[in-house]
Amino acid sequence: MYRPTIGLEIHAELKTRTKMFCDSANNPDETRPNVNVCPVCMAHPGTLPVINREAVKHVLRLGTAVGGKLADFTEFDRKSYFYPDIPKGYQISQYVHPLVTRGSLAGVDITRVHLEEDTARSTHAHGKSLVDFNRAGIPLMELVTEPVIKDAETAGKFARELQLLLRTLGASEANLEKGEMRIEANISVSNDDNFGTKVEVKNLNSFRSVERAIAFEVKRQTDLIESGGKVVQETRGWDEAKQETFHQRFKEGSADGSYFPEPDLPKLFLSEIPEFSSDAIRASLPELPARRHSRYTELGLKEGDATFITASVERGAFFDAVARELNGQRKSIMLAANYFISDLAGDPGKATPVTFAKLMNMFTSCTLSSRGAKDTLLILVEKGGDPETIAKERGLIQIHDEDALGKIIDNVIAIETKAIAEYKAGKLSALQYLIGKAMKESGGAGNPTQLSKLIVQKLG
Ligand SMILES: [Zn+2]
């Protein structure tokens, strides 16, 4: 049997005000080409790079969140690069001394996390090549895992958790379809203790394509070896339409020779810089997804519900804000969770934490019935506004006034002579029937418990 071995290399564009080594804006939403450029990122002679502290901090925070080791000493390296999307002719990256080593996430060991600069964006059309340098020099984090992943599902889970962590830390939007997070998988198969020849798969722009490409490659390589062929070291792409990988280029040998320390940047003794010390970095971390998840299960949420709310930063923030509005009352919060997950699928629409919590309180105080609360919620989500006003306008506020309810019951009693005879003969279902009639007569605004009590009183 052939066992797969998978390692991941993930790049993420970091959210910073300016680029990695200059003052040009880091704005991924800029649509005009070549406006966020300056002499530094265009590699004019005589210019010098300056390290972006914000970008360093993002990587150190991520490293701390995954339990990695922050480097005492770190430096940048030049990596030879001969394509037009980096005008310098080299990329500034990190090779020997990355910012972070070790750590783990989703049960997968991490080798290293380092910082480098992104390339420009090239477009090839009508026999011409166009280059947009807005992206050139944007801070790029690269995370490399150990080759310890055994299946596509684990790889997908790791990538999803990394995306959530990057978003939680505010380090990156990490949208795969926008190229803000780029995943490469190194895949090999082997039937003994040695590693097989690894193949690198690129262009994976969704989590599903990561999983499918890995499954496809494992099968392709296994079939190839079984039929007497040999796996060659190559880079392959993923064809979304055909759902298969395809050859892009053969891999050259080791890249060791193409790096040397960047002479234009200072070497950093991180532990001696107060804002980069591990204590300062740790103190700056927000609540992490794993902690948030266990907080929800401790509160009483089911495992799946806790996972669902934790999986999105916005969802978690909304739910926590509602819980604060409900003053931490556990019963009301559980009710809110149920409405938020089951009725709204985690999308509150135009409801705010304040109006959503107010609606929950209207239900728990019996101002609204369950039906009335659901009807009010639908309108609240679609149009926004005040839940009390919405419920009043639609006559959904429950009637508690005994005189008003008594009149409703008198009307029902006057008509339902058959059911009353049955009730007096001891048929219990007749009472339910009468309550239902009274509810209908009240336009759904009666309180069923109160109606029941009054009917029993009146019938003796
Ligand atoms: Zn610049």
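Student: Which residues are linked with E13 in a network of salt bridges?
Tutor: D118, R135 and R182 are linked with E13 in that network. A salt bridge here is a side-chain nitrogen of Lys or Arg within 4 Å of a carboxyl oxygen of Asp or Glu.

Student: What kind of model is this?
Tutor: This is a predicted model, where local features need pLDDT of at least 70, side-chain atom pairs count only at pLDDT 80 or more, and totals for chains, interfaces and linings use all residues. Residues are numbered from 1 along each chain as its sequence is written, and side-chain values use heavy atoms, with hydrogens and water left out.

Student: How many salt bridges does the structure hold?
Tutor: The structure holds 32.

Student: What does K157 pair with?
Tutor: The side chain of K157 meets E161 in a salt bridge, at 3.4 Å from N to O. They sit four residues apart in helix α2 (residues 152-168), so about one helical turn separates them. Helices are DSSP runs of H or I with at least four residues, strands are runs of E with at least two, and both are numbered from the N terminus.

Student: And E234, what is its partner?
Tutor: E234 forms a salt bridge with R220, with the closest N and O atoms 3.6 Å apart. This pair links distant parts of the chain: E234 is in strand β14 (residues 234-239) and R220 in helix α3 (residues 207-226), 14 residues apart.

Student: Is E234 buried or exposed?
Tutor: E234 is buried, and R220 is buried too. Buried means under 20% relative accessible area, exposed over 50%, and partly exposed in between (1.4 Å probe, protein chains only).

Student: New topic. Which residues coordinate the zinc ion?
Tutor: C22 (SG), S24 (OG), C38 (SG) and C41 (SG) do, at 2.1 to 2.4 Å. Donors are N, O and S atoms within 2.8 Å of the metal (3.2 Å for Na, K and Ca); water is not among the atoms, so sites may look incomplete.

Student: What spacing do the donors follow along the chain?
Tutor: The spacing is C-x1-S-x13-C-x2-C. C22 and S24 are both buried.

Student: Now the whole chain. How many helices and strands?
Tutor: The chain has 15 helices and 17 strands. Of its 460 residues, 47% count as buried.

Student: What box do the C-alpha atoms fill?
Tutor: Taken along the principal axes, the box is roughly 95 × 55 × 50 Å.
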